[in-house]
Amino acid sequence: MKKVVLFFLLFLSLWPWPAVTDQYPILINQVMIGQNEGAKNELVELYNPNDSAINLAGYTLKKKTASGSETTLVSAKAFNGIIRAKSYFLISSPEFKDQITADLTYSSTASLSKNNTLILYDNDKKISDKIGYGEVNDFIVQATINPENNQILKRAKINLGEPNNLIDFFIEEKNIQIENSQGNVININNFREEISSSNNSEKKTTNSKDKKVQTVSLKNVKNLAKGDLIITEGIVSVLPGKLGTQYFYIHDYYNPDNNIYGLQVYNYNKKFPSLKIGDRIKISGEVAITENETGKTFKIKTKEIEDIKIISADNSLPTPPLEKIVNLDKSQTGNLKTIKGELTQNKTNQIYLDDGNEILIEIKKGTGISTKILKEGQTFSLSGILSYTDDKFKLIIINEETIENLSQNEDEKPLGEVLNEEFWELESKNNNKTIFQYLAVIIFISGVYLVFNKKINRLIK
């Protein structure tokens, strides 16, 4: 019997059972370091090769220069999100997030450039993946080629056994597609200008010379096509640097329309005149459209500072009429909107207002607004720029004056109104009566003093 058992155990030990595999690492799948339209138009796409979802909480994304200086792009504290099985996760600069509906943005001001190494650490501080490109000293086997603006470094294959940056990645610039964690596929437009040579020199040429310039209102810009040359007017509602360094916003209204139409004004080199809120300006530029599955984003691109001319100052925009969240429409993105409801959540990058339907509230650092003033459970009226990303609406707050705490207003009613609003009006006191009362008291005290003083003198004598 013992021999049978020993034989059976030996048989089990020699049987070629399938190996138990560990969890595969999350991989860096695509990298873009910028576009001609925007130096900050950069992204990192991750891929999960596993058959189950992975929680990315505690991961870290860093970049290293050729000299070896390492900088954090996304810290472990800021890294959050779920990457589904055989799916993707999109990280970008804050300036590029809305255009590509990224899942996460950098938690620092660092950015990508040529001759960098990207390193992804897991939540155990171990390297999950690494890619070095250009003239760098840190890479896997061999560094891959440097990407230019408008190009993307794309993984050609998953080679977990013998990874090699040079072999595993190639350059793509014509058909650039990325994907976020929601499964949205975004096509990235290539803004590279075509180069044509002549006998004497090379010149940059575009088709814009053949196009006619149209004068349109902000209300009708969304009826135009990408690349159309336009002249339009509007009132400055957001200054450069408040929501982004390369753009600002203008808005205008057209009676009897209740909408307050808006448009982003963009300049790659940040060439803007000295502007003030309320300046009415005339702008000459080109219509730019960023399009993905969740909708379109319109803006006007300018080239020189002379493309923006101030017409008048100290103009005012009316407060947008109160609207229900359910009535908001994707065609209204860029417009100023006012909504009212209960603040149901205030967490990092996750602020929600509810009026029966929820909307995400975004407050950018450039506005200087403290999110602490938005207290959960209180009722607020908020005005801002309507945006639509990740299949949900978002309201971008432009200044603190557009935030009204309605709960606080209810708690601070005048004292007279609280006690008895029919008889008490403490703010409209009878000042003459008060002065007369003071004088009577003074005369009475003076009389008492004189009488008392006479009695003392008699006692002394």
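Student: Why does Tyr-88 count as partly exposed?

Tutor: The relative accessibility of Tyr-88 is 22%. Buried means under 20% relative accessible area, exposed means over 50%, and partly exposed is in between (1.4 Å probe, protein chains only). At 22%, Tyr-88 therefore counts as partly exposed.

Student: What kind of model does this come from?

Tutor: This is a predicted model in which local features need pLDDT of at least 70, side-chain atom pairs count only at pLDDT 80 or more, and totals for chains, interfaces and linings use all residues. Residues are numbered from 1 along each chain as its sequence is written, and side-chain values use heavy atoms, with hydrogens and water left out.

Student: Is Tyr-47 buried or exposed?

Tutor: Tyr-47 has a relative accessible area of 13%, so this residue is buried.

Student: How many aromatic pairs are there, and what makes two rings a pair?

Tutor: Rings of Phe, Tyr and Trp (its six-membered ring) pair if their centres lie within 6.5 Å; planes under 30 degrees apart count as stacked, over 60 as edge-to-face and the rest as tilted. By this rule the count comes to 7 aromatic pairs.

Student: What is the pair of Tyr-47 and Tyr-88 called, and why?

Tutor: The ring centres of Tyr-47 and Tyr-88 are 5.0 Å apart and the planes stand at 45°, so the pair is tilted. Tyr-47 is in strand S2 (residues 43-47) and Tyr-88 in strand S7 (residues 88-92), so the pair links distant parts of the chain, 41 residues apart. Strands (E, at least two) and helices (H or I, at least four residues) are DSSP runs, numbered from the N terminus.

Student: Why is the pair of Phe-248 and Phe-272 called edge-to-face?

Tutor: The planes of Phe-248 and Phe-272 are at 90° and the centres 5.4 Å apart, so the pair is edge-to-face. Phe-248 belongs to strand S19, while Phe-272 is in the loop between strand S20 (260-266) and strand S21 (280-292), 24 residues apart. Phe-248 and Phe-272 are both buried.

Student: How do you know that Lys-299 lies over the face of Tyr-266?

Tutor: A charge sits over a ring if NZ of Lys or CZ of Arg is within 6 Å of the ring centre and within 35 degrees of the ring normal. Lys-299 lies over the face of Tyr-266, at 4.4 Å from the ring centre.

Student: What makes S4 and S9 a pair of strands?

Tutor: Two strands pair if DSSP finds at least two bridges between them. S4 and S9 have 6 bridges, in the antiparallel sense. One of the positions is Thr-60, opposite Tyr-121 in S9.

Student: Which strands pair with S18?

Tutor: Strand S17 (residues 213-215) pairs with S18 in the parallel sense over 3 bridges, and Gln-214 has Ile-230 in S18 as its bridge partner. Strand S19 (residues 247-253) runs antiparallel to S18, joined by 3 bridges, with Ile-235 opposite His-251 in S19.

Student: Why is strand S18 described as largely enclosed?

Tutor: In strand S18 (residues 229-238), 8 of the 10 residues are buried, so the strand is largely enclosed by the rest of the structure.

Student: How do you know that Asp-138 and Lys-64 form a salt bridge?

Tutor: A salt bridge is a side-chain nitrogen of Lys or Arg within 4 Å of a carboxyl oxygen of Asp or Glu. The closest N and O atoms of Asp-138 and Lys-64 are 2.8 Å apart. Asp-138 is in the loop between S10 and S11 and Lys-64 in strand S4 (residues 60-65), 74 residues apart. Both Asp-138 and Lys-64 are buried.

Student: What does the salt bridge of Glu-148 and Lys-114 tie together?

Tutor: The closest N and O atoms of Glu-148 and Lys-114 are 2.9 Å apart. Glu-148 lies in the loop between S10 and S11 and Lys-114 in the loop between strand S8 (104-105) and strand S9 (116-121), so the pair ties together parts 34 residues apart in sequence. Glu-148, at 36% relative accessibility, counts as partly exposed, and so does Lys-114 at 37%.

Student: Why is Asp-129 called buried?

Tutor: The relative accessible area of Asp-129 is 8%, so Asp-129 is buried. The side chains of Asp-129 and Arg-155 meet in a salt bridge (2.8 Å, N to O). Arg-155 is buried too, with a relative accessible area of 11%.

Student: How many salt bridges does the structure hold?

Tutor: The structure holds 15 salt bridges.
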